[in-house]
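Hi,

Here is the structure I promised to pass on.

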Amino acid sequence: MAAKRFLHGADYNPEQWIKYKREVWKQDMERAKQAGVNELSVGIFSWSFLEPEDGVYDFSWLDEVMDMLHENGIRAILATPSGARPPWMAKKYPSVLRMDHERKPNVFGGRHNACYSSPDFRRKVTEINTQLAKRYANHPALYMWHVSNEYNYECHCPRCQEAFRDWLRARYHTIDNLNDSWWNTFWSHRFSDFSQVESPTTPSMLGEWESPNHNLAWRRFCSDHLAAFFELECEPLHKYTPNIPVTANLMHTFPGLDYFDLGRRMDVVSWDNYPRWKGDEEDVAISAATSFKHDLMRGTGGQKPFLMMESCPGAVNWGDHNTLPPPGTVLYQGMQALAHGSDSVQYFQFRAGRGGSEQFHGAVLSPDGSDQTRAFREVSETGRMLEKLDEIAGSKTDNKVALVYDWHVRWALDYAWLGHRFDQKYEETVQAHHTALTAAGYGVDVIDQLSDLTPYKAVVAPMLFLLRDGFAQRLTNFAKAGGVVMLTYLSGYVDEEDLRYMDTPPLEALTGVRVDECDAFTHGHENSFLWRDVQWPIKEVAQLSTPITAQVLADYQQQFYKGMPTLTRNAVEKGYCYTLQARTHIDCLTAVYQDLLQSHGIEPLVGGLPAGVIATARYGADGQRYLFLLNSQREPVSAALPAGLTNLLTGETTQGDTVLNAFSVTVFRG
């Protein structure tokens with residue numbers, strides 16, 4: 001979503017301070033302006049204050065808050081309150097409570113445990129969202145809708161069981177189609193009617209937990225059911241405020257929901273970013289992981305600018321060990337988000353509560369409202385920095401390398417009975433390839449199998465275990481048209497229903513190799529391959545393949561499969577497909593990508609970057625490029641940059657070697 005300035009704000013819970021509002025709310029506005037805060041998210045967990053009794057509403061306090069924000073020049077991102085229900089609702093309408101996988105009903109408590117099939121919950125959500133949308137439709141402070149909070153879903157109650165069966169009927173039409181798709185003749189699990197199907201009881205052994213096909217279907221249903229509930233929540237918002245954008249805050253690689261599907265239903269994607277910075281050499285890896293998550297979240301929104309809805313301006317309080325981030329971390333964390341396409345830097349929360357489970361969570365303000373804390377000083381510094389960079393807001397990425405991360409692949413691997421069962425490391429593997437690509441100097445778009453491939457010159461798809469319908473052909477067409485495809489071990493093993501192929505696997509013509517076997521290493525099991533005169537170690541996974549039309553670029557050096565291919569290249573009309581048959585280290589991946597991509601004329605944003613430094617770029621509507629250099633090391637480094645780039649903060653122009661400050665993000669125009 002285009003913006004004239006970056007949002008700088010936080011989750012704000014003024015109702016927690018309503019007894020002290022005369023002093024506290026006034027001070028909050030003063031502190032917000034001191035810190036350069038121009039946005040506050042309100043109403044996220046406010047249901048009991050908005051509707052203290054069934055059908056009895058009180059918006060007087062929120063009216064006052066919205067007016068106060070507008071008077072102080074602060075935008076409001078107004079939430080729907082479905083993330084946590086009031087106690088009266090659970091007592092009056094017990095259908096709103098979820099049931100776990102062992103069919104035990106929950107009792108009231110916590111948050112995020114509502115049943116989305118409950119007719120009472122659906123009705124109450126629609127009612128309060130309608131009240132909010134009608135009341136604030138024309139309020140000048142209203143900037144965006146924040147739907148619920150950190151959605152999740154899994155309920156096994158009778159209503160959800162029936163919803164699951166309805167979903168199965170719509171997908172498979174007949175019970176025979178379902179049985180065939182799940183291979184239910186195995187163990188005599190063949191159903192004779194949809195009414196016999198129940199949700200899996202994974203992770204317990206109470207009922208069905210071993211069928212990968214059944215588990216995959218349940219994961220897909222849960223994701224679709226949540227997406228439909230999101231649409232239900234949005235209906236009154238779209239009806240009464242058609243020009244106000246809608247978001248929902250996501251949780252990076254949260255396994256339970258297909259965020260690409262959910263993101264395609266939003267006007268703008270937002271997410272909650274909580275890296276656990278250490279203040280030492282570990283921060284290089286932590287920064288790399290966070291970069292991957294930013295790019296993934298941007299990808300779920302179709303590569304448009306996203307929002308970093310939450311981040312911590314201090315130490316979190318929910319870990320076993322809650323390490324303090326060292327000085328400068330708040331600024332780095334915010335600038336890193338901008339570098340990957342965020343149009344905001346937002347925090348949880350604005351003023352810490354006096355009690356509750358998050359009373360000691362990092363916040364912009366402590367309960368006493370002091371402006372003398374380190375957190376407040378660093379947030380204020382970030383606010384000043386953002387004002388200097390406002391010309392970048394609304395600009396987009398234009399990367400030529402795409403990396404596939406697909407939730408359906410992850411689900412299939414989570415339940416796959418092969419290799420490292422229950423520890424396939426799909427997320428870690430895709431992230432490793434992302435880290436390698438960025439270390440090689442490339443900007444990366446993260447996509448799924450439904451995304452458009454035409455903007456790219458190269459598509460990297462590690463561990464593409466499950467092929468969604470049509471993707472193999474789309475990848476092949478991409479290569480035929482001159483694109484470069486990079487695949488790895490454990491790719492193309494099963495179809496969309498998680499069934500193995502009876503005929504020639506659809507990736508075989510693209511890769512030019514026949515997959516024979518796959519080895520899962522144990523401790524002490526070693527192998528390696530030679531690439532550019534370096535002996536690179538192999539870890540954990542080695543796939544054994546036979547070349548058909550592919551050229552062997554490297555082969556195994558040990559074990560009984562010594563001499564079999566480790567890296568192959570297959571010419572596909574105008575393009576190529578490379579297949580890496582084994583898991584290796586990030587340094588090796590970086591070297592491989594540097595060689596292969598540049599050999600096809602795909603140039604990095606900046607080449608020859610020092611270790612721990614990556615480059616990203618955003619582009620304005622006029623084509624103006626903004627180049628970000630992120631140094632995640634806790635010491636200064638020198639990088640060889642093109643001459644003529646203008647540092648947006650100092651006005652200096654690069655002449656070649658440029659010093660990047662320790663743990664910093666430097667922004668250049670040009």
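Arg583 is buried, at 6% relative accessibility (buried means under 20% relative accessible area, exposed over 50%, partly exposed in between, with a 1.4 Å probe and protein chains only). Its side chain meets that of Glu540 in a salt bridge at 2.8 Å, N to O (a side-chain nitrogen of Lys or Arg within 4 Å of a carboxyl oxygen of Asp or Glu). Arg583 sits in strand E20 (residues 582-584) and Glu540 in strand E16 (residues 534-547), so the pair ties together parts 43 residues apart in sequence. Helices (H or I, at least four residues) and strands (E, at least two) are DSSP runs, numbered from the N terminus. Glu540 itself is partly exposed, with a relative accessible area of 22%.

Mind that this is a predicted model: local features need pLDDT of at least 70, side-chain atom pairs count only at pLDDT 80 or more, and totals for chains, interfaces and linings use all residues. Residues are numbered from 1 along each chain as its sequence is written, and side-chain values use heavy atoms, with hydrogens and water left out.

The structure holds 39 salt bridges. Another one joins Asp180 and Arg190 at 2.9 Å, N to O. Asp180 lies in helix H7 and Arg190 in the loop between H7 and H8, so parts 10 residues apart in sequence are tied together. Asp180 is partly exposed at 43%, and Arg190 is partly exposed at 36%.

Then there is Arg468 with Asp448, a salt bridge of 3.9 Å, N to O. Arg468 is buried at 9%, and Asp448 is buried at 1%.

Cheers
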